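Good morning. Please look at the sequence and the structure on the screen, and I will take you through a surface patch and then some aromatic rings.

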Amino acid sequence: MTSSDKKTGTSTSLGMKAIFTLSVVEGWLRRIAIALAVLVGIYVLFHLLYPVWINTRLPADAPRIAFSLDNSLLGRIGITDATYQRVMTAAGGRLITLRPDAAGVPVSTEKVKALLEKEKIDGVLLTGGGDVDPNLYGGDPNTTMLVHRLRDDFEIALIREARRRGLPILGICRGCQIINVALGGTVRNLRKEQEVKSRHMVLKGHPVDLNPDSKLAETLGVTHLAKAVSLHGNSVGEPAPEVTIAATGPGSVIEAIEADSAGQIGWIVGIQWHPELTLDKKVQQKVFKSLVDRARIVRESRQ
């Protein structure tokens, strides 16, 4: 083979490699474009179209439930919002989404009061997301994830003002923890207890025992749940002085808490598991109906 032939072969080989590389790159670009299109589609569907559509199914005088935005990925693309829109609409409540900066930066208590008045809020729903800032309760900042201090400050101010007004409050997962912190309690970091954590990060669920004397047991009509969908790396630690334990799960983890509002007339419940994800609608999702029913009383008292 002549040197000219060798050069031609080398050039051909390099050309084929370049074409192959370009083909691979184009293939990945197409995949990325498709993935982005799917994400945009999911965002538009769940974050924009679905809430509008589902709200048309509610009467104009439906109780208005404040809903603080989830700062996790699922929350940002609207899936958390859509999930709660579904269960709350079924319960008869209208979710009013509030951004963490809705009461200013830093958070202003007076602006929280004004916001509740402006939006005519009848109840509060607090959901999942990143960890509560450990600096708020003396925890370890080295093992936390997705801390969003502005959200913490906003929700704490929201909880305290809603409690002062006697508005019903329901906290789910992180929402349970922030209620406890707002009232002076702490958070238990299960990531330091891997065996316990593994029993609480499971979609298949785990059993929960309810205090027979609790508001939650009265609401659900049971004192034991065989399967509670659980996805959390933290839980309530030391309950706040005015907080009582309503349920426990594997590893002595506090699964639900309760407190009263002003004048002992309110209804504040925090649940560590996810009743919105259960198929057992006849039992666990009663808690959403209870929130809406109490919010309706508040709404009717203002009219």
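**A patch and a cluster**

I32 has 46% relative accessibility, so this residue counts as partly exposed; buried means under 20% relative accessible area, exposed over 50%, and partly exposed in between, with a 1.4 Å probe and protein chains only. This is a predicted model, in which local features need pLDDT of at least 70 and side-chain atom pairs count only at pLDDT 80 or more, while totals for chains, interfaces and linings use all residues. Residues are numbered from 1 along each chain as its sequence is written, and side-chain values use heavy atoms, leaving out hydrogens and water.

I32 sits in helix α1, residues 3-55. Helices are DSSP runs of H or I with at least four residues, strands are runs of E with at least two, and both are numbered from the N terminus. Together with W28 and L29, I32 forms a nonpolar patch on the surface, with about 340 Å² of accessible area for the three together. Patch residues have over 30% relative accessible area and no salt bridge; like charges are joined within 9 Å, and nonpolar side chains (Val, Leu, Ile, Met, Phe, Trp, Tyr) within 5 Å. A salt bridge is a side-chain nitrogen of Lys or Arg within 4 Å of a carboxyl oxygen of Asp or Glu. Areas come from the Shrake-Rupley method with a 1.4 Å probe, and for residues only the protein chains shown count as cover.

Now the rings. How many aromatic pairs are there? The count is 2. Rings of Phe, Tyr and Trp (its six-membered ring) pair if their centres lie within 6.5 Å; planes under 30 degrees apart are stacked, over 60 edge-to-face, and the rest tilted. F67 and Y84 make a tilted pair, 5.9 Å centre to centre with 50° between the planes. Both F67 and Y84 are buried. F67, Y84 and F288 form one aromatic cluster.
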